[in-house]
Amino acid sequence: KLKWHRVIAGTVIHYLKVAKENMDDPAIKNHVLSEAYAFMGNLLHNQGYQWSVEELEDGRNLLGDNFYETTEEDIDACLEFMLNNTEITLVELANL
């Protein structure tokens, strides 16, 4: 279950990092942010490592509800949230 949690969290982080790399391309940015948003939902369903509904809402709210308006600072805040609320380490975060 821990491995599954880490795969999901790592996927979210990967998509967030790709979004940061593509801030000037709204098609890519919005696509990968929508993937990150959707994958966060999977963190509700892993018994033993699951997020609460409040944690999910907190993470998603950092990205906002209009990805055209999501800034690098918003993405950085979400990356920090993922680091602080999952079993992903800082070293792993750097390598995703």
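In helix α4, the residues Ile75, Cys78, Leu79, Phe81 and Met82 are buried, where buried means under 20% relative accessible area, exposed over 50% and partly exposed in between, with a 1.4 Å probe and protein chains only. Seen down the axis of α4, these buried residues fall within an arc of 160°, so they line one face of the helix; the arc is that of the directions from the helix axis to the C-beta atoms. Glu73 and Asn84, on the other side of α4, are exposed. An α-helix has 3.6 residues a turn, so residues three or four places apart point the same way.

The model is predicted: local features need pLDDT of at least 70, side-chain atom pairs count only at pLDDT 80 or more, and totals for chains, interfaces and linings use all residues. Residues are numbered from 1 along each chain as its sequence is written, and side-chain values use heavy atoms, with hydrogens and water left out.

Helices (H or I, at least four residues) and strands (E, at least two) are DSSP runs, numbered from the N terminus. The expected span of a helix is 1.5 Å times one less than its number of residues. Two helices are set against that value below.

| Helix | Residues in helix | End-to-end C-alpha distance | Expected span |
|---|---|---|---|
| α1 | 20 residues | 28 Å | 28 Å |

The buried residues of α1 include His5, Ile8, Val12, Tyr15 and Ala19. Asparagine 22 sits in the loop between α1 (2-21) and α2 (26-41). Asparagine 22 has 17% relative accessibility and therefore counts as buried. Setting aside residues up to four places away in sequence, asparagine 22 touches Ile28 and Lys29, contact meaning heavy atoms within 4.5 Å.

The axes of α2 and α3 (residues 53-63) come within 10 Å and cross at roughly 175°. Axes are lines fitted to C-alpha atoms, for helices over the stretch in contact, and angles run from 0 to 180 degrees between N-to-C directions. The crossing makes α2 roughly antiparallel to α3; angles over 145 degrees count as roughly antiparallel, under 35 as roughly parallel, 65 to 115 as roughly perpendicular and the rest as oblique. From α2, the contact is made by Leu33, Tyr37, Ala38, Met40 and Gly41, and from α3 by Leu56, Gly59, Arg60 and Leu63.

Phenylalanine 81 belongs to α4 and is buried, with a relative accessible area of 15%. Beyond neighbours within four places in sequence, phenylalanine 81 is in contact with Trp51, Glu55, Asp58, Gly59 and Leu62. Phenylalanine 81 and glycine 59 are 22 residues apart in sequence, with their C-alpha atoms 6.6 Å apart.
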